[in-house]
Amino acid sequence: MLDPKIIRNDLHLVEDSLKKRDLKADLPTLKKLEGVRKGLQSDTEKLQASLNKISKEIGKLKGAKKSSKEKEKEASALTKEIKKKSLKLDSTLEDLNKLVLELPNIPDLDVPVGSSENDNIEIRSWGKIPEFSFKPKNHIEIGQLTDGIDMEAGSRITGSRFSVLKSDIAGLHRALTQFMLDMHIKDHGYEELYVPYIVNTDSLIGTGQLPKFGEELFKLEGSENYFLSPTGEVPISNMLNNQVIDSKELPIKWVSHTPCFRSEAGSYGKDTKGIMRLHQFEKVELVQVVEGSNSEKALEELTIHAEAVMKALEIPYRVVSLCTADLGFSAAKTYDIEAWVPSQAKYREISSCSNFRDFQSRRMKARWKNAETNKNELVHTLNGSGLAVGRTLLAILELNQLEDGSVKVPEALSEYFNKKEISINYLKTVNV
């Protein structure tokens with residue numbers, strides 16, 4: 001949520017932000033409601049001051065044993081008027097809050113201005129793009145040859161855009177998850193969490209998924225308040241909901257293996273084949289919580305932590321700074337890490353690392369106690385995938401494939417996976 005001071009005193013900054021993001025909002029109504037709020041608040045404060053003055057006069061009259069009936073009538077009338085104004089003020093604030101919840105975060109000044117993902121700026125790249133002596137297969141073909149990815153079974157069990165992983169590929173998926181967790185815990189100093197897969201409305205509002213993106217969510221039938229979590233960011237960040245953290249606890253670094261569930265509304269026909277974009281997928285999620293002055297440094301650190309997994313697995317990648325139009329609703333700045341996918345001959349997102357500044361913490365009322373000022377201040381929150389497990393699996397299958405469809409397993413996974421190679425299943429290759 002944006003700072004109310006910006007809404008009250010710097011609305012042109014909001015207008016500029018929306019223009020850069022190529023978004024629209026009902027700013028005229030917002031401006032009108034803010035004017036009404038200001039007037040009601042001013043009137044209420046003046047009426048309260050008058051009531052306080054009359055109350056003192058009543059006290060003096062009673063102390064002097066004089067009649068205070070006329071003053072008491074005035075006080076009664078003022079009390080009724082204050083109550084009436086207060087009810088209107090509460091209603092106005094509620095309407096104002098609904099509109100403010102629809103406003104995205106304001107991009108940092110160094111975020112590139114652009115109208116689409118084509119305007120994202122490459123920051124750096126790592127690794128050598130492999131050259132194959134044969135036409136590389138896509139992960140679906142490899143999954144069929146190794147009998148490890150069964151999209152048809154996923155469709156029979158649930159529906160389209162669900163998958164079943166089998167045998168060695170299922171084991172490799174599990175190994176990747178454990179490898180990522182161990183790296184972030186042992187090497188990068190994160191504390192592991194195991195969090196609920198179901199979240200409530202307040203949690204989704206807190207991190208910015210509601211009210212704006214309700215169509216992206218799977219809501220549990222028969223419940224007005226429960227949803228399947230769309231990303232690990234939601235349950236992890238809401239550990240802070242309505243909390244005041246001691247300064248000694250900062251910075252906080254959490255990691256969790258989390259399943260994610262998204263309806264992917266509006267993505268019809270986009271990446272619908274294979275495991276690139278599913279309704280159910282898993283991530284190893286990283287969250288950092290810091291003082292406001294440290295969030296820029298924390299974003300760089302968190303991104304490097306995610307990159308470390310890519311390097312260990314020898315996955316060629318690049319880091320791009322998202323432009324204003326490609327920026328997520330709650331983010332002030334985002335770096336995407338994109339893995340090279342041979343079958344598509346291009347880089348594809350495997351992690352997004354974002355600095356939300358105090359946008360989420362204001363919604364969640366997440367604060368820290370500043371020992372120097374003895375005042376509560378909003379924390380800054382950051383998160384990123386370290387990494388998306390399914391997309392990492394996809395990248396490994398395609399980058400490490402051999403001509404017959406078998407796959408070499410990265411050396412970094414030797415402690416987690418007891419094979420150096422995933423072989424093809426000759427009984428399953430007839431129809432491939």
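In this predicted model, strand E9 (residues 252–261) runs alongside strand E10, and the two pair in the antiparallel sense over 10 bridges.

Two places show how they face one another. Leu286 stands opposite Gly384 in E16, and Val289 stands opposite Thr381 in E16.

Is strand E10 largely enclosed by the rest of the structure, or largely open? Eight of the 11 residues of E10 (residues 280–290) are buried, so the strand is largely enclosed. Here, buried means under 20% relative accessible area.

E9, E10 and E16 belong to an open sheet of eight strands with mixed pairing. Its order is E1-E11-E12-E13-E16-E10-E9-E4. At the edges are strand E1 (121–126) and strand E4 (191–192), each of which pairs on one side only. As you follow a strand along, keep a general rule in mind: in a regular strand the side chains alternate between the two faces of the sheet.

Another open sheet is made of three strands in the order E5-E7-E6, with antiparallel pairing. Strand E5 (198–200) and strand E6 (218–219) are at the edges with a single partner strand each, so one side of each has no neighbour in the sheet. E5 and strand E7 (residues 226–228) pair over three bridges, and Asn200 stands opposite Tyr226 in E7.

Now turn to helix H12 (389–399). How many of the residues of H12 are buried? The count is 11 of 11, and H12 is mostly covered. Its buried residues include Val389, Thr392, Ile396 and Leu399. Charged residues are on the list too, among them Arg391 and Glu398.

Rolling a probe the size of a water molecule over the atoms shows where empty space is left. The structure holds one cavity of 30 Å³ or more, and about 30 Å³ of space lies in the largest cavity. Which residues line the largest cavity? They are Met276, Ala339, Val341, Arg348, Glu349, Ile350, Arg391, Leu394 and Ala395. Strand E12 (333–341), strand E13 (346–357) and H12 each give two or more residues to this lining. By type, the lining divides into six nonpolar, no polar and three charged residues.

Most residues other than glycine have a negative phi, and most peptide bonds are trans. The table gathers places that depart from this pattern.

| Residue or bond | Feature | Angle |
|---|---|---|
| Leu250 and Pro251 | cis peptide bond | omega about 0° |
| Gly386 to Leu387 | cis peptide bond | omega near 20° |
| Lys65 | positive phi | phi near 55° |

Lys65 has its place in the loop between helix H3 (27–63) and helix H4 (69–100). Lys365 lies in the loop between helix H11 (359–364) and strand E14 (367–370).

The two lysines can be sorted by accessibility as well. Exposed means over 50% relative accessible area. Lys65 has 79% relative accessibility, so Lys65 counts as exposed. Lys365 has a relative accessible area of 48% and is therefore partly exposed.

**The chain as a whole**

Stepping back, the secondary structure of the protein chain comes to 12 helices and 18 strands. The C-alpha atoms fill a box of roughly 105 × 45 × 40 Å, taken along the principal axes. Of the 432 residues of the chain, 48% count as buried. The accessible surface comes to about 22400 Å², and 49% of that surface belongs to carbon and sulfur atoms.

How do contacts relate to position in the sequence? Among contacts between residues at least 6 apart in sequence, 73% join residues at least 24 apart.

How values were computed. Residues are numbered from 1 along each chain as its sequence is written. This is a predicted model: local features need pLDDT of at least 70, side-chain atom pairs count only at pLDDT 80 or more; totals for chains, interfaces and linings use all residues. Side-chain values use heavy atoms; hydrogens and water are left out. On a 1 Å grid over the protein atoms alone, a cavity is a set of points where a 1.4 Å probe fits but cannot get out, and a pocket is an open set with protein on both sides within 12 Å along at least five of seven lines; lining residues have an atom within 4 Å of a point. Grid points are joined across faces, edges and corners, and a volume is the space filled by probe spheres set on the points. Helices (H or I, at least four residues) and strands (E, at least two) are DSSP runs, numbered from the N terminus. Buried means under 20% relative accessible area, exposed over 50%, partly exposed in between (1.4 Å probe, protein chains only). Two strands pair if DSSP finds at least two bridges between them. Contact means heavy atoms within 4.5 Å. Accessible areas come from the Shrake-Rupley method with a 1.4 Å probe; for residues, only the protein chains shown count as cover.
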